[in-house]
Amino acid sequence: MPQTDKELLARAKAMRANPTSTEAAMWRILRAKQFEGVKFARQVVIAPYIADFAARSRGLIVEIDGDTHASRDAKDARRTAWLEGQGYQVIRFTNYEVGSNLDGVAHAIGAALAALPLSQPSPQRGEGF
C-alpha cells in the first residue's frame, strides 16, 4: 500500500484540531457512531484530497463548503467526480445550511445513508486508510 502524503496528513490533523464552528456542530452529531449507528471520521485523507466527514463503511462523504467555495464550482466538481470515481457518494452543504438548519442537514444525511445499500462495497482504498 502506498504511504500517505505526510503533508496531507499533517494538514488533516491540524484541521481536526481547529475545526470551524460549522464543522464542530456537524461533528457533535456524527461522532462516535451516534448518527444512525454509522461510524464517521473527520478530515479524512483520500489523497489527493481531505474529506470533511467520511463514512467509509458506507461510502459516503459529507462536505461543508465555506464562503470560499462560491468561486470554486469547477474545482469542487472535479473533486467530487474524482471521489465518486473512488466509489464514494459525495453530498455538500454550505456553512449557512449547517448553521441555520442543522436538523435539515442531518435529515438529508440520513436520507443519503438510507439510499445506500447496507452492504456497500468498500470504496477503493485511497491513501490514508
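Two residues are in contact when they have heavy atoms within 4.5 Å of each other. Among contacts in this protein between residues at least 6 apart in sequence, 63% join residues at least 24 apart. What you see is a predicted model, where local features need pLDDT of at least 70, side-chain atom pairs count only at pLDDT 80 or more, and totals for chains, interfaces and linings use all residues. Residues are numbered from 1 along each chain as its sequence is written, and side-chain values use heavy atoms, with hydrogens and water left out.

Let us begin with the overall layout. The protein has five helices and four strands, where helices (H or I, at least four residues) and strands (E, at least two) are DSSP runs numbered from the N terminus. Along the sequence, they follow the pattern α-α-β-β-β-α-β-α-α. Of the 129 residues, 42% count as buried; buried means under 20% relative accessible area, exposed over 50%, and partly exposed in between, with a 1.4 Å probe and protein chains only.

Now look inside. A nonpolar core is a set of buried Ala, Val, Leu, Ile, Met, Phe, Trp, Tyr and Cys residues joined through side-chain atoms within 4.5 Å. The largest one here has 20 residues, and Phe 40, Leu 60 and Ile 109 have the most contacts inside it. At least two residues of this core come from each of helix H2 (21–30), strand S2 (49–55), strand S3 (60–65), strand S4 (89–94) and helix H5 (102–115). H5 gives the most, with five residues. Apart from this core lies another, of nine residues, among them Ala 41, Val 44, Ile 46 and Val 90. As for Leu 60, leaving aside neighbours within four places in sequence, its contacts include Phe 40, Phe 53, Tyr 88, Ile 91, Ile 109 and Leu 116.

How does H2 sit against H5? Two packed helices are described by the angle between their axes and the distance between the axes. Here the angle is about 50 degrees, and the axes are 11 Å apart. That makes H2 oblique to H5, since angles under 35 degrees count as roughly parallel, over 145 as roughly antiparallel, 65 to 115 as roughly perpendicular and the rest as oblique. Axes are lines fitted to C-alpha atoms, for helices over the stretch in contact, and angles run from 0 to 180 degrees between N-to-C directions. Ala 25, Met 26, Ile 29 and Leu 30 in H2 meet Leu 102, Val 105 and Ile 109 in H5. Ala 106 is also found in H5, and counts as buried because its relative accessibility is 15%. The C-alpha atoms of Ala 106 and Met 26 are separated by 8.4 Å, although these residues are 80 apart along the chain.

Finally, turn to the backbone. Most residues other than glycine have a negative phi, and most peptide bonds are trans. Just after H2, Ala 32 takes a positive phi of about 55 degrees. Lys 33, in the loop between H2 and S1, has a positive phi near 55 degrees. Gln 43 is found in strand S1 and has a positive phi of about 50 degrees; this residue counts as buried, at 3% relative accessibility. The peptide bond from Ala 47 to Pro 48 is cis, with omega near 15 degrees, and Pro 48 lies in the loop between S1 and S2.
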